[in-house]
There are 4 protein chains.
Amino acid sequence: MSELTLAKANAIIAAAFAKAQDAKMKPLSVAVLDAGGHLIAFQKQDGSSMLRFEIASGKAYGALAVGMGSRWLDTIAKERPHFMEGLNAVSGGRIVPVPGGVLIRTASGALLGAVGITGDTSDNDELAAISGIEAAGFDAVAG
Amino acid sequence: MSELTLAKANAIIAAAFAKAQDAKMKPLSVAVLDAGGHLIAFQKQDGSSMLRFEIASGKAYGALAVGMGSRWLDTIAKERPHFMEGLNAVSGGRIVPVPGGVLIRTASGALLGAVGITGDTSDNDELAAISGIEAAGFDAVAG
Amino acid sequence: MSELTLAKANAIIAAAFAKAQDAKMKPLSVAVLDAGGHLIAFQKQDGSSMLRFEIASGKAYGALAVGMGSRWLDTIAKERPHFMEGLNAVSGGRIVPVPGGVLIRTASGALLGAVGITGDTSDNDELAAISGIEAAGFDAVAG
Amino acid sequence: MSELTLAKANAIIAAAFAKAQDAKMKPLSVAVLDAGGHLIAFQKQDGSSMLRFEIASGKAYGALAVGMGSRWLDTIAKERPHFMEGLNAVSGGRIVPVPGGVLIRTASGALLGAVGITGDTSDNDELAAISGIEAAGFDAVAG
């Protein structure tokens, strides 16, 4: 099944939360965006701080913007900060360029959307996103 | 239990979808915001159009802005369109002033947040929101 | 004394709240801006809804924008809505064009700032603003 | 009493000003925001410069955004400037990431809001915020 349905998006979130619980992560917020950058599903665990939806979405949106996981944006932001600033400007200020935004692909490479996670360290956020995507039967592209 | 936890937010969404199925409504999008206007949970059913998250959130945000259900904003927008335009301007363009944004209150009247629903007629959107809120054990304020 | 000091701004707010209590108004939010449109003091009474600061400020800012009380903007918005829309656009979306934004002037006509109030009817909001300004020894310009 | 009422917010501001006077600080501006980032009360002392409301609010808003005192944002901004820029972008440009934004918590750890102060050095701004919060009977989280 290659479509990113609501059921699949919810499955991604549930699996990401399960991974977080296993690894004793802090409360997470998980956003699932379709390939056009539009929100399908979002959940914020109890105890999360105020702006977590914007951060989670900003990681996923940034990944979709350039067709790479947001870990790549993190590198670019360090090497060419003016590029990242320009990218954020033309996006209308919608990008958070740190790890935790991971592309969702089919086995054949078709882009379905992206997951953005925030709440723990950026590395753990990314781990939870990859776990969620793979548990739902898709390929994850983090870097 | 009077807190609007993620579990309660998910229960509201599930009950709203159940109501929509019973009443043969079109695919819905449901946003649950806390009392400060920040997203706790969102789900968009398959077959929904592109900007449904923004519309659902905009109804809930508008309800919280003035402390009334978004049906009240719908009336104000007709009677005093310049007030509604000004309100939308100072909100940063975050309000959709039509029915379907419903306040979530405890039995004792404490404001916990708001639900915004879009996808069917505004009246049906509001019905689904009320059903969801009441099924989760809270009071709904639509008008 | 012709300056709009913090002590004077606080006196305006206190007198507006006293007037509201006498007249059994709903909880009010009161913003006092200087002649440059910058906030000096603000207070929101318990039980007010979410966006009251933005609304109160938007009334006062609008009054300062054109050098008239926001009641005048209310009239203009009805007669020439495109003018009000343009004004709001060029202000960066900072104007709420309904009564309740009142200019603060010295006896000799010097402009010191504006008060914006929201929470009850627009007419009552304006009454409270006028009371507050006059109690602090200034002239109020509402229309 | 665990709620952040207007009376409590005013008490925080009065105590912060008292601390500033004792320590011979420059004129301060103090914003008190609720847990959803919405303004409850603000006061700017005479002799302050133009944009002090935006700076004070921006410190408090930033603290609430991530659930840490704004001193933490100051560190992040130095170590990972692209993360801070992204966070500011998705917040709509509402964050000033320097010390002086301090969370307000109950003794049992419930988040009630945040205080943002500007006018003196960032370290002194933060000291005044902590003094104000503790004088009102709450716990302060600065880092």
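Biologist: How many salt bridges are there between chain A and chain D?

Modeller: The count between chain A and chain D is zero. This is a predicted model. A salt bridge needs a side-chain nitrogen of Lys or Arg within 4 Å of a carboxyl oxygen of Asp or Glu.

Biologist: What else is counted between chain A and chain D?

Modeller: Eight residue pairs are in polar contact between chain A and chain D, with both residues at pLDDT 80 or more. On the side of chain A that touches chain D, helix 2 (52-66), helix 3 (70-79) and helix 4 (81-90) of chain A each give two or more residues.

Biologist: What is the area buried between chain A and chain D?

Modeller: The area is about 1300 Å², and carbon and sulfur atoms give 67% of it.

Biologist: Why is the aromatic pair of F42(A) and F53(A) called edge-to-face?

Modeller: The angle between the planes is 75°, and planes over 60 degrees apart count as edge-to-face, so the name applies. The distance is 5.0 Å centre to centre, and the cut-off for a pair is 6.5 Å.

Biologist: Where in chain A do F42(A) and F53(A) lie?

Modeller: F42(A) is in strand 2 (residues 39-44) and F53(A) in helix 2, eleven residues apart.

Note on methods
Residues numbered from 1 in each chain as written. Chains lettered and ligands numbered in written order. Predicted model: local features only at pLDDT ≥ 70, side-chain atom pairs only at ≥ 80, totals over all residues. Heavy atoms only, no water. Buried area = accessible area lost by both parts, 1.4 Å probe. Polar contact = N/O pair within 3.5 Å; in protein donor to acceptor, adjacent residues only side chain to side chain. Helix = DSSP H or I, 4+ residues; strand = E, 2+ residues; numbered from the N terminus. Phe/Tyr/Trp six-rings, centres within 6.5 Å; stacked < 30°, edge-to-face > 60°.
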